[in-house]
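Morning, everyone. I have a few minutes on one structure, so let's get it on the screen.

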Amino acid sequence: MNSSSYYCDEQYKSTYPCTPGVANYNYGEAGRALKVDLLNHPEYIEQNATLAFKVAIWRWMTPVKKHQPSAHDVFIGHWKPTKNDTLAKRVPGFGTTMNVLYGDLVCGQDNNEFMNNIISHYFYYLDLMGVGQEEAGPHELLSCSQQVSFNPSSSTSLNG
């Protein structure tokens with residue numbers, strides 16, 4: 001996320017209060033898990049490559065909420081969709097991995113540019129590893145354009 005932007009979410013205000021002049025409320029949970037004050041000092045991630053890697057791996061391996069999969073579990077096939085997931089068009093595949101990581105910033109918005117850029121980068125890394133793009137599956141599995149977000153920013157969306 002852009003560290004020059006201000007991210008402050010009412011949902012986390014009591015747990016991770018927004019620090020005046022500091023962006024990225026979302027570092028509160030990662031900082032707590034890694035025992036680093038990232039909420040008040042998100043710049044530590046820019047200044048320390050090891051810490052940045054730890055935060056990235058923590059986000060990859062940790063579900064956003066209980067009873068949701070981690071991006072890792074979706075990506076390697078350990079996640080099985082529930083009836084609510086199926087109704088929300090969340091199916092095993094790269095698209096649901098994006099849904100876990102980015103939610104409605106990317107998903108449920110038809111074929112938006114941000115989502116297509118992520119898919120393009122995924123293809124790039126598949127090519128670097130010598131894995132054919134056909135191994136990634138059909139577009140419906142790569143995309144999250146029709147999926148309801150696991151963590152919608154709007155309370156009107158279907159939740160799983």
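Start with the link between Cys107 and Cys144: the angle about its S-S bond is -85°, and the link is left-handed. One caution before I go on: this is a predicted model.

Where do the two cysteines sit? Cys107 is in the loop between α6 and α7. Cys144 is in the segment after α8, which covers 139-142.

A disulfide is a covalent bond between the sulfur atoms of two cysteines. Here, the S to S distance for Cys107 and Cys144 is 2.1 Å. How many disulfides does a search of the whole structure find? One.

Next: are these cysteines buried or exposed? Cys107 has a relative accessible area of 3%, and the cut-off for buried is under 20%, so Cys107 is buried. Cys144 comes in at 0%, so Cys144 counts as buried as well.

Helix α6 runs over residues 94-102, and helix α7 over residues 113-128. Their axes come within 11 Å and cross at roughly 120°. Because of that angle, α6 is oblique to α7. The crossing is right-handed.

Which residues meet there? From α6, we have Phe94, Met98 and Tyr102. From α7, we have Phe114, Met115, Ile118, Ile119 and Tyr122. By type, the contact of α6 with α7 has eight nonpolar residues, no polar ones and no charged ones.

First, Phe114, in helix α7. Its relative accessible area is 41%; buried means under 20% and exposed means over 50%, so Phe114 is partly exposed. What does Phe114 touch, leaving aside its neighbours within four places in sequence? Tyr102, Leu105 and Val106. Tyr102 is one of the α6 residues I listed in the helix contact.

Second, Thr97, in helix α6. Thr97 has 1% relative accessibility, so it counts as buried. Again leaving aside neighbours within four places in sequence, Thr97 is in contact with Trp60, Ala71, Val74 and Phe75.

To recap. There is one disulfide in the whole structure, and it joins Cys107 to Cys144. Helices α6 and α7 cross right-handed, and their contact has eight nonpolar residues. Phe114 is partly exposed, whereas Thr97 is buried.

That's it from me. Thanks.

Definitions and conventions
Residues numbered from 1 in each chain as written. Predicted model: local features only at pLDDT ≥ 70, side-chain atom pairs only at ≥ 80, totals over all residues. Heavy atoms only, no water. Axes fitted to C-alpha atoms, helices over the stretch in contact; angles between N-to-C directions. Helix = DSSP H or I, 4+ residues; strand = E, 2+ residues; numbered from the N terminus. Parallel < 35°, antiparallel > 145°, perpendicular 65-115°, else oblique. Left-handed = near helix turned anticlockwise from the far one by under 90°. Contact = heavy atoms within 4.5 Å. Nonpolar A, V, L, I, M, F, W, Y, C, P; charged D, E, K, R; others polar. Disulfide = S-S within 2.5 Å. Buried < 20%, exposed > 50% of the residue type's maximum accessible area, 1.4 Å probe, protein only.
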